[in-house]
Amino acid sequence: MTTLNFRRSTPCDLPALRNLYDEIIDAMDLSSSHAQWHRGGYPTDDFLQTKAALGELWVTEQEQSIVAAMILNAEYNPGYAQAQWQVKCEPHEVMAIHTLGVSPRVQGQGVGKAMVRQAIDVARKKGCKSVRLDVIDTNPAAGRFYARLGFIFHGRFELDYPGAVCTNFDLYELPL
């Protein structure tokens, strides 16, 4: 695998990010696993711009092309309170991964794994005790991916996300 560059997104990345997420959405539309992202819907350009401006949107480049992106922050759905988390911690001690997407051109090459490892590193540097995330139940491939990386499944719960077609999400945690 060629060298990967992990960095925070900048405002000039938006066209490349839009292309990345559209490419991922097109591939998901042909797959049995689907994150329920849609062109013209989630993730919107405004959402990506806001997260980039907050320093929460991270990208991975390969040969100067953005091949993966994700959002890292301490925000998570209020429905996370339903889970019996392994690590008891304060909200600021949790890092949440959102909207992790990898270009279909490089899937299976370790890019997603590298992104998650970088997220774990960012969380540790911020003094977090846990990394948590949710996976929509229509995307079992993502659940298997996180389980292979050591994330613990904490159950399926109804989470309310505005505009979401589905409400059932699997919650995962990686104790740090």
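Me: Which residues have the most contacts inside the largest nonpolar core?

Reply: In soluble globular proteins, nonpolar side chains tend to be buried together. A nonpolar core is a set of buried Ala, Val, Leu, Ile, Met, Phe, Trp, Tyr and Cys residues joined through side-chain atoms within 4.5 Å; buried means under 20% relative accessible area, exposed over 50%, and partly exposed in between (1.4 Å probe, protein chains only). Here the largest such core has 28 residues, and M70, L72, I97, L100, V131, Y146 and F151 have the most contacts inside it. At least two residues each come from β3 (65–73), β4 (94–102), α3, β5 (130–136), α4 and β7 (168–175). Helix α3 supplies the largest share, 7 residues. Helices (H or I, at least four residues) and strands (E, at least two) are DSSP runs, numbered from the N terminus.

Me: On what kind of model do these values rest?

Reply: The model is predicted: local features need pLDDT of at least 70, side-chain atom pairs count only at pLDDT 80 or more, and totals for chains, interfaces and linings use all residues. Residues are numbered from 1 along each chain as its sequence is written, and side-chain values use heavy atoms, with hydrogens and water left out.

Me: How many salt bridges does a search of the whole structure find?

Reply: Side chains of opposite charge can pair when their charged atoms come close. The criterion is a side-chain nitrogen of Lys or Arg within 4 Å of a carboxyl oxygen of Asp or Glu. The search finds 13 salt bridges. One of them joins K51 and E75 (3.2 Å, N to O). This pair links distant parts of the chain, with K51 in helix α2 and E75 in the loop between β3 and β4, 24 residues apart. K51 is buried, at 9% relative accessible area, whereas E75 is partly exposed, at 41%. Another salt bridge is formed by E173 and R132 (3.2 Å, N to O). E173 lies in strand β7 and R132 in strand β5, so the pair ties together parts 41 residues apart in sequence. Both E173 and R132 are buried.

Me: Which residues other than glycine have a positive phi, and where is the cis peptide bond?

Reply: Most residues other than glycine have a negative phi, and most peptide bonds are trans. Q64 has a positive phi of about 65° and is exposed, at 77% relative accessible area. T99, in strand β4, has a positive phi of about 55° and is buried, at 10%. The peptide bond from Y42 to P43 is cis, with omega near -5°.
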